[in-house]
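Let's take a friendly walk through a protein model.

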Amino acid sequence: MQPGTHFAFGTHKDYGFVASFTTSMPAHLAHWFLEREQFEPVPGQPRLYRLVEPEHDGPRRTRQAVHDLRRQGYTVHADIALDPAASAGPLRPVRPNGLQERRSRLAQAAAGRTTQRAAPPTTSPSATRPIPPRPTYTPTAHLPAAGGGRSR
C-alpha cells in the first residue's frame, strides 16, 4: 500500500467484502465513516469491518463506499474489482476538496490587518443620531371599565 493510505477495501474468504483502516486514520473517525457506509466491525479482528448484507448488491455498495471516501479527500486502496476508477464506466476525476487550503487562507486573512476600518470613528454614536425631546404633555391611557366578572 502507498504511504498515507487511510482505508483499504477487498474481499475475504470468510467475511465477504471487507474494509480496514490504517494507523494514519483515527479509529473513532474510521469507525464513524465505515458504519455510515454500511460496514460493521468484525468481532475479534481490530480495524477490520465487513459489509452488512453483502448478498444485496455487495460489489456496487463497496465500490460506492470507495468512491464516497475518496470524494471526502481520503486515500483509499481497493482491489481492482472494487475500485470504481478501474472498473465500470468512467467517473468524474476525484479532486481534493481543498478544505485544508481554504482553512489556511482564512487563517491568514484573519491574522492580517483589515482595510475596512483604517481609523477609529471620529464621531460618537450619540452625535450621529439625535435624541428626540421629551413630550410636553402627559399621555394618558383610557382603559375600558372592568365589568363585574365574567359573562355567561
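The report below goes from the whole chain to the sheet, a helix, the core and a few single residues.

## Before we start

This is a predicted model, in which local features need pLDDT of at least 70 and side-chain atom pairs count only at pLDDT 80 or more, while totals for chains, interfaces and linings use all residues. Residues are numbered from 1 along each chain as its sequence is written, and side-chain values use heavy atoms, with hydrogens and water left out.

## The whole chain

The protein chain contains 4 helices and 5 strands. Here helices (H or I, at least four residues) and strands (E, at least two) are DSSP runs, numbered from the N terminus. Reading from that end, the order of elements is β-β-α-β-β-α-β-α-α.

Of the 152 residues in the protein chain, 24% are buried. Buried means under 20% relative accessible area, exposed means over 50%, and partly exposed lies in between (1.4 Å probe, protein chains only). The accessible surface of the chain is about 12300 Å², and carbon and sulfur atoms account for 54% of that; such areas come from the Shrake-Rupley method with a 1.4 Å probe, and for residues only the protein chains shown count as cover. A contact means heavy atoms within 4.5 Å. Among contacts between residues at least 6 apart in sequence, 43% join residues at least 24 apart.

## The sheet, strand by strand

In what order do the 5 strands lie in the open sheet? The order is β3-β4-β2-β1-β5, with mixed pairing. Two strands pair if DSSP finds at least two bridges between them. The edge strands, β3 (39–41) and β5 (76–78), each pair on one side only. On average, neighbouring strands of this sheet are turned by 30° against each other, direction ignored. For such angles, axes are lines fitted to C-alpha atoms (for helices, over the stretch in contact), and the angles run from 0 to 180 degrees between N-to-C directions.

Now look at the pairs. β3 and β4 run antiparallel and are joined by 3 bridges, with E40 partnered by R50 in β4. These two strands form a hairpin with 6 residues between them, where G44 takes a positive phi near 80°. R50 in β4 also stands opposite V18, and β2 and β4 pair in the antiparallel sense over 3 bridges. β1 and β2 are antiparallel too, over 6 bridges, and form a hairpin with 3 residues between them; T11 has F17 in β2 as its bridge partner.

## Helix α2

Just after α2, G73 takes a positive phi of about 100°.

Which residues of α2 are buried? They are G58, R61, T62, A65, V66, H67, L69 and R70. Their cover includes β1, β2 (16–21), α1 (27–36), β3, β4 (48–51) and β5. T62, found in α2, counts as buried because its relative accessibility is 0%. Leaving out residues up to four places away in sequence, T62 touches F9, F17, F39, L51 and L82.

## The nonpolar core

In soluble globular proteins, nonpolar side chains tend to be buried together. A nonpolar core is a set of buried Ala, Val, Leu, Ile, Met, Phe, Trp, Tyr and Cys residues joined through side-chain atoms within 4.5 Å. The largest one here has 19 residues, and those with the most contacts inside it are F7, F9, F21, M25, L34 and F39. The elements giving two or more residues to this core are β1, β2, α1, β4, α2 and β5.

Not counting residues up to four places away in sequence, the residues it touches include F9, F17, L34, Y49, L51, T62 and A65.

## A residue at the surface

Is Q2 buried or exposed? Q2 is exposed, because its relative accessible area is 58%. Q2 sits in the segment before β1. The C-alpha atoms of Q2 and H77 are separated by 8.2 Å, although these residues are 75 residues apart along the chain.
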